[in-house]
Amino acid sequence: MNRSEQSELANPFGKLSFLVVDDFENFRLSMRQMLRSCGAEDIQLVAHATAAIQHCSYNHVDVVLCDYNLGEGKNGQHILEELRHKKLLKRSSLFLMVTAETSKEMVMGAREYQPDAYLTKPINRAVLEKRLGSLIRQRNTLLPINREIDRENYPKAITLCLEMLNKHPRYKTWLMKTLGELYLEVGDLAHAQKTYEDVLAQRELSWARLGRCRVLLANRQFDEAINDLKALIEKHPDYMEAYDLLAETLEKQGKTPQAQRILEKASEHSPNALLRQKHLAEVATSNQDVDTASEAWRQTVNLGTYSIHDAPDHYLSLAQSLSDLSEGDLDAEGTERANEALSVLSKMEKRFAEDESLPLRSKIIQSRVHAGQGHNREAEKLLKEVSTEMENQQNMSADMGLDYAKTLFRLGRDQDAKSLLGKLAAQFDNDSDVLQQIEGLLDEPVGFRQKLKAREFNRDGIRAFEEGNLDTAIKTFEKALEIVPDHASLNLNLIQVLLKKHQQEPSNRALLATCQKRLKRLEGLPEQHRQYRRYVALSQKLKGLTA
Amino acid sequence: MTDQNIDFSMVLASAVHDMKNSLGMLINSLDELRMDHKEALAHSNQFNMLQYEAERMHNDLVQLLGIYRLGQDNLVANVDEHFVPDFLSEQLARHVPLLDGLGIQYSIEADDINGFFDEHLLTGVLNNTINNAIRYTKSQLRLTARDEDGYLVIGVEDDGAGYPESMQHTGTLNFKSLDFKGGSTSLGLFFASSIAAMHNEGERIGSIKLHNGGELGGGVFEIWLP
C-alpha cells in the first residue's frame, strides 16, 4: 500500500470535491461544517439550480449533496436529470438527494436517472460520515467499472464486474444490477437472462424480475413478459418502471388501447414524470383518443417548464390536439380550446426563439385553428403567408408537410393538399410510418369529429353486414362515404356488400354499376397502400361479372 | 356547511406529516447546537432530555404514518439486498450524539452477512427500538446481527431492567390486542411486528421476539427476517 492509498483510507473525504445545493443558508452552512469535520476540504455551496448546473459545467464535482425541495423553480430531480443528461456529471460521481421524507415516494416515478442515494433529514455529523463514507468507499472500489462505462467500453466493464463479484460480496446488488444492464446494452441476452435468474433463484427481487422481463421483451416473448409484469405491479403498485415496461410490451404486441390504460394508471400514481406523460400522449394519439392525448400533452408541456426534456414538439402536438378538438366547435369550450392552442404556440415561439423553423410551424396550425372557428379571413391571411414561405422551403420535414396538408384540406385546397402529399410520399417512400400517415390523411381529409362519425358508420356497417342485413349495411357505408368519399377500405367494404347482394339478385345490374363507380374513385391507389391487394382482387371479381 | 365530507384520517395524516418534517428541522438544529456548544452541552441533562424527547416524537410520528398507510393497504415492502454491518452502523450513527451526551456505551456485533429487507421500513423500526433502549438502559447498548435457521436476526440489547413479563412474547401482534387504556400501548411493537410480517419468503414470515438476558442482561429485542 502506498502513501496516497493510506491517506485515502484515513480520510476518504479529503481528496474529493463537494457541491452542496440548498435554498436555506443555514442548511448550506451546517452541511459545510459537517463535511469539514468529516475531513472534506473542497466544498462549494450554491442556493439554486442555475448556479448548481453552472458550477458543474466548469468544474469537476465528485459528490453532489442536493436538497430535493428548492422552492420556486427547478427541484433536485430536475438538477439531477439535467446534470446526467448533459453529461456534466460522470457516472463515477455521486449524486445524493437530501429529502425530508422517510419514503422515496415524492421523487418516485422519475423515468430515468435515480440518485445514488437518498439522505433523509435530520442528518447529523455521525450519520453523514457513516452514510457518505460507505458510499465513497463503494465509489472508490467500483470506480474502475464506472470509468469504463463512462468511456462506453462495456465489455471491459463486464469483465471487471465479474472479477469484483467474488472479491466484494457487499456490493453484490450493485454489481448484479450493473451486469444485467451491461449485458442488455451489448445485446448479450443469454447472459443478461442468466444474471437475473441467478438473483431470482436466491430471492424474488423486483429489479431482477423487471430485468428478466426486459430480456423477455427483447426476445419477443411478449406473453410471458406481460404476465410477469402484471404480477410485479400487483405486488408493488408504486414500481413505475414496471408500468412503463408493460406499456412498451403491449405496444409491441399492437395492443395500444391496453398500453394506454397502463400508462394512465401509472400517471395517476406518479403524475410528474414528463417522459411518461409524453408516452401516454403518443399512445393516446395513436388510439385516436384526442381528449386524453390533449390532456397528456398539456401535462407534458407544463412539466417541461423546468425540465431538460422540454421540447417544441410538445407544444406543437398540444396545439394540434387542441385544434382537432376545437374545430367546428363554436361553443364556449371550443373557443377556449382554440385560444389555448394559439397561446401555447405563442409561448413556444418565445421560449424557443432561437429555432427559426418554429414560426412557420406555428402559422400552419394557427391558420387551421382560425378556420375551425370560422375566422376565415385570419385563416386565409395566415395560409397565404405560409404558402409564400413554403416556396422557399428546401427540404420539408414529414411532420411539417403532413401538418401543412391538413391545413390545406381544412381550407378547401384539396388539390394542393393532394399534390403535396404525393410529393411527400415520393420523398419518404422508404418510411412506412410516414406513408401510413399520408394514407390516413388521404382517406380521411376531414376534421376529427367527422372522422369519428365516419368511423362509427363504418363499424355499424360492418356489424350489419355480419348480421346479414345487407341493405342496412349498404345504407350505412354510403353515409360514411358521404363524409370521406375517397376512403379506400370504406369504398371496398361497400363494394363487397354490393357484390354479396348481387349474388342474391343476379339480375340487378344497378348494383354492379355502383360498384364500378366506387372502384373508379380508387383508381390512383398506390401499390404500397395496405388496401391495394384487396382493391385488385375486387376489381378482378367485378370484371368477371361485367364481362 | 354541515356536509363537507371531511376525511378526517387524511387530515390527520397530512398534519402528522407536517409535524414530522418540522421535528426533523428541530432535531437538525439540536444537533448543530450540540456541535457548536460542545463544552457547555456535553452532559447537560436538560439538553439530552430535549433531544431524546424530540427523537421520540419524531419516531412516533414516522410510526403513525406507517400505521396509517398500513391501514390504507398502501404500505409495501421494497426488499433489496443489503450488507448488514454497514446498515447497522448507519442506523446507530443517528443516535450517537445523544448516546455520547448520556454517556451510554454502544457497540455493534454483526457478522459479515448480506440480508434481504426494505431499508426504509427497517430504519423506522430500529430508530424506534434504539430510542426505546436509550430510555430504559443503564449504561450500555448493543446492536447484533446473525444468521440463524436461515433468518437474518437483528437484535437490540440493553443492560436495563428488561421487558416486563406481560410484554415478552414471540410472533405477530394484532391491532385488537393493543391496550389503549394502559400507559404503554405497545403501538411501537405492533408497528415492528407488522413490518416484520411484511417480509416473507415462500412460507416463511418475519416476526419479532422480546425477551430478557442477552450479553448485557437487560432487554433484548429481536426482529427475525426470512
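In this predicted model, helix 7 of chain A and helix 8 of chain A cross in a left-handed sense. The two helices, residues 172-186 and residues 189-202 of chain A, pack at an angle of about 160°, and their axes are 8 Å apart. Because angles over 145 degrees count as roughly antiparallel, helix 7 of chain A is described as roughly antiparallel to helix 8 of chain A. On the side of helix 7 of chain A the contact is formed by A:Met176, A:Leu179, A:Gly180, A:Tyr183 and A:Leu184, and on the side of helix 8 of chain A by A:His191, A:Ala192, A:Thr195, A:Tyr196 and A:Val199. Sorted by class, the residues of this contact comprise seven nonpolar and three polar ones, with no charged residue.

Another helix pair of chain A is made up of helix 17 (residues 358-372) and helix 19 (residues 398-410), whose axes come within 9 Å and cross at roughly 25°. Helix 17 of chain A and helix 19 of chain A are therefore roughly parallel to each other, and their crossing is left-handed. Here A:Arg361, A:Ile364, A:Ile365, A:Ser367, A:Arg368 and A:Ala371 of helix 17 of chain A meet A:Met400, A:Asp403, A:Tyr404, A:Lys406, A:Thr407 and A:Arg410 of helix 19 of chain A. This contact of helix 17 with helix 19 in chain A has five nonpolar, two polar and five charged residues.

The crossing of helix 6 of chain B with helix 7 of chain B is left-handed. Helix 6 of chain B contributes B:Leu121, B:Gly124, B:Val125, B:Asn128, B:Thr129 and B:Asn132 to the contact, while helix 7 of chain B contributes B:Gly188, B:Phe191, B:Ala192 and B:Ile195. By class, these residues are five nonpolar and five polar, with none charged.

| Helix pair | Axis distance | Crossing angle |
|---|---|---|
| Helix 7 and helix 8 of chain A | 8 Å apart | about 160° |
| Helix 17 and helix 19 of chain A | within 9 Å | roughly 25° |

On the scale of the whole chain, the domain assignment divides chain A into domain 1 (1-140), domain 2 (311-442) and domain 3 (449-546). The C-alpha centres of domain 1 and domain 3 of chain A lie 67 Å apart.

The contact between the chains takes 23 residues from chain A and 26 residues from chain B. Several elements of chain B each supply at least two residues of the side that touches chain A, among them strand 1 (80-83), helix 4 (84-93) and helix 6 (119-136). The largest share of that side, seven residues, comes from helix 1 of chain B. By class, the side of chain B that touches chain A has 10 nonpolar, eight polar and eight charged residues.

Definitions and conventions. Residues are numbered from 1 along each chain as its sequence is written. Chains are lettered from A and ligands numbered from 1 in the order in which they are written. This is a predicted model: local features need pLDDT of at least 70, side-chain atom pairs count only at pLDDT 80 or more; totals for chains, interfaces and linings use all residues. Axes are lines fitted to C-alpha atoms, for helices over the stretch in contact, and angles run from 0 to 180 degrees between N-to-C directions. Helices (H or I, at least four residues) and strands (E, at least two) are DSSP runs, numbered from the N terminus. Angles under 35 degrees count as roughly parallel, over 145 as roughly antiparallel, 65 to 115 as roughly perpendicular and the rest as oblique. A crossing is left-handed if the near helix is turned anticlockwise from the far one by less than a right angle, and right-handed if clockwise. Two residues are in contact if their C-beta atoms, placed from the backbone, lie within 7 Å. Ala, Val, Leu, Ile, Met, Phe, Trp, Tyr, Cys and Pro count as nonpolar, Asp, Glu, Lys and Arg as charged, and the others, Gly among them, as polar. Domain bounds come from an automatic or database domain assignment.
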